[in-house]
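Hi,

Here is the structure I promised to pass on. Have a look at it first, and then read on for what turned up when I went through it.

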Amino acid sequence: MVSLKLPLLLVLLHAVFGSAYRWFNWQYEVTCESDAYITPEDEAATAAFLKAQYPRGSLIKVVGNGHGFGNLSTCVDTTLTNKPSYIVSLVNLKSLKIDKKNLTVTFGAGWDVHDLANELKANDLSFNNLGAERVQNFVGATSTGTHGSGSLVGNIGTQVTGLRVLDAQGNVRIVNETTNAEELKAFRISLGALGLITEMTIKVQPTYLLKKTTKVLNATTNYNQMYNEIAQLYKEHDRMTVWGPHFDWNDEAQQWAIEPQFFASWWEPTNYTGERNCTLNYCANGCGDCIKNYICYDEVTDAMSCPPQGVCTREFYAEIEHFFPIEYLAEAATNYTLFQQAQTPRMRAPYNNQMIFQYRTLKGDDSYLSPVNTYNLKPEQSGVFAVLEIDWMQTYNNWTTLWQNQDLAFEFLPHFGETYNVRSHWNKMSPANATFAREQYPKLPEFLAIQERQDPKCQFVNEFLVGQLGVDRCAKYL
């Protein structure tokens, strides 16, 4: 009992006497004020903290590295509630167990993607799929549906085979493919609403090498032609990202001008044993000398994503990321681009710089809140989704320009959602519409039933989750 009492005492002292803590997301435009920043030493201390806060109904928001564009991970600001409001970081939970026989890795919630990737590489293992960047906390990235590209691979959450999670009362629940496989479909992408995930187990594979081919493509304002050519490329390559077209802001003309070229990269398995060289050019996320024809070879992690030092964009930018059945790719991409161009007259705030369209694909799955869930697809659709991203980049961190572009970003889903069965990335300019969410996520009622069991007093939700998911019972708690 002594080993439990000391962590509990430290946590409670921090909670009672810790000074107010202001949290920011990665680009400092989303923020909230909490009563304290709590960093439990281990799962037992985390459980003790939750048990102590449950009678008070304290509001608790777990955060990773804040790598999001919306309010998903925002705490309930202390100015908006009479209840205690805490930010919790599980950064100290760094357990690690590598099972090479069964090709699984079990790790604590404190691991970041980049650090965990390095541990796998040191043990001759690889992830199957990652996003373009490795700056996120792994559990946070998984819980929000982070993904890479590939018609035959799913998002990060599809690699999860089990986890340990604490409910609002501090009780541990073990969820895995063996004992409660159906419930695991809710926890793979849980948005932080189902409790504090303290440990996760994922499937891995032996070191997996890829050949990356990058090809320069020519742009045209005949968008229908250009996007049909891109759609054809996706029929030829099952693992590909198209980074473009690119548009530059012409300050004199006050309009977006299309750049003459952009690029596509595709990946394929290789038995190449020479130098691994994809890290020489950080083009996994558009950074570096990218618009050129070249080939490189590397382990899947370094071939498809970049480490924190490869993230070149530090200025404010707004972003949407929308998922829809790949059968709509050419038509939807054309109409998204035309819609964006029609909004140019209203984009007169200063410091616009560049607008980048990006396209990927992703295999659909059965996770309840996955943006590529297959529950409402038409029978003739393949179950593969196109991913359309638009980034509005700035030359300077100007709030007026950021808010202008964010306001525009919110308009795409209402405009195209019904037409193309669109789902938004959860933390990227997703407008709140619980009615639409129930259409796009048919398993949402089952998810909310688990949420009520795990969090009866609504301590893990915030305004974003209430609005997005329609957690009506929680409105009174906030």
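Buried residues account for 59% of the 478 residues in the protein. Keep in mind that this is a predicted model.

**The whole chain**

The fold has 13 helices and 21 strands. Its radius of gyration is 22 Å, close to the 23 Å that the globule rule gives for 478 residues, so the protein is as compact as a globular protein of that length. If you want to set up a box, the C-alpha atoms fill one of roughly 70 × 55 × 45 Å along the principal axes. The accessible surface comes to about 19,000 Å², and carbon and sulfur atoms contribute 50% of that. As for contacts between residues at least 6 apart in sequence, 74% of them join residues at least 24 apart.

**A three-stranded sheet**

One piece to look at is an open sheet of three strands, in the order β3-β5-β4 and with parallel pairing. β3 (36–38) and β4 (59–62) each have a single partner strand, so they stand at the edges and one side of each is left without a neighbour in the sheet. From one strand to the next, the twist averages 30 degrees. β4 pairs with β5 (residues 85–88) over four bridges, in the parallel sense. If you want a residue pair to find this by, Lys 61 has Ile 87 in β5 as its bridge partner.

**Helix α2**

Helix α2 covers residues 43–53. Its N-terminal end is capped by Asp 42, which places a side-chain oxygen 3.3 Å from the backbone nitrogen of Ala 44. Which residues of this helix are buried? They are Ala 45, Thr 46, Ala 47, Ala 48, Phe 49, Leu 50 and Gln 53.

**Asn 373**

The residue I'd pick out for you is Asn 373, in the loop between β19 (352–363) and β20 (384–394). Is Asn 373 buried or exposed? Its relative accessibility is 0%, so it counts as buried. Leaving aside neighbours within four places in sequence, Asn 373 is in contact with Asp 365, Ser 367, Tyr 368, Phe 385, Arg 423, Gln 440, Tyr 441 and Pro 442.

Cheers

Terms used:
Residues numbered from 1 in each chain as written. Predicted model: local features only at pLDDT ≥ 70, side-chain atom pairs only at ≥ 80, totals over all residues. Heavy atoms only, no water. Buried < 20%, exposed > 50% of the residue type's maximum accessible area, 1.4 Å probe, protein only. Helix = DSSP H or I, 4+ residues; strand = E, 2+ residues; numbered from the N terminus. Polar contact = N/O pair within 3.5 Å; in protein donor to acceptor, adjacent residues only side chain to side chain. Pairing = 2+ DSSP bridges. Axes fitted to C-alpha atoms, helices over the stretch in contact; angles between N-to-C directions. Rg over C-alpha atoms; globule rule 2.2 N^0.38 Å. Contact = heavy atoms within 4.5 Å. Areas by Shrake-Rupley, 256 points an atom, 1.4 Å probe, with all protein chains shown as cover.
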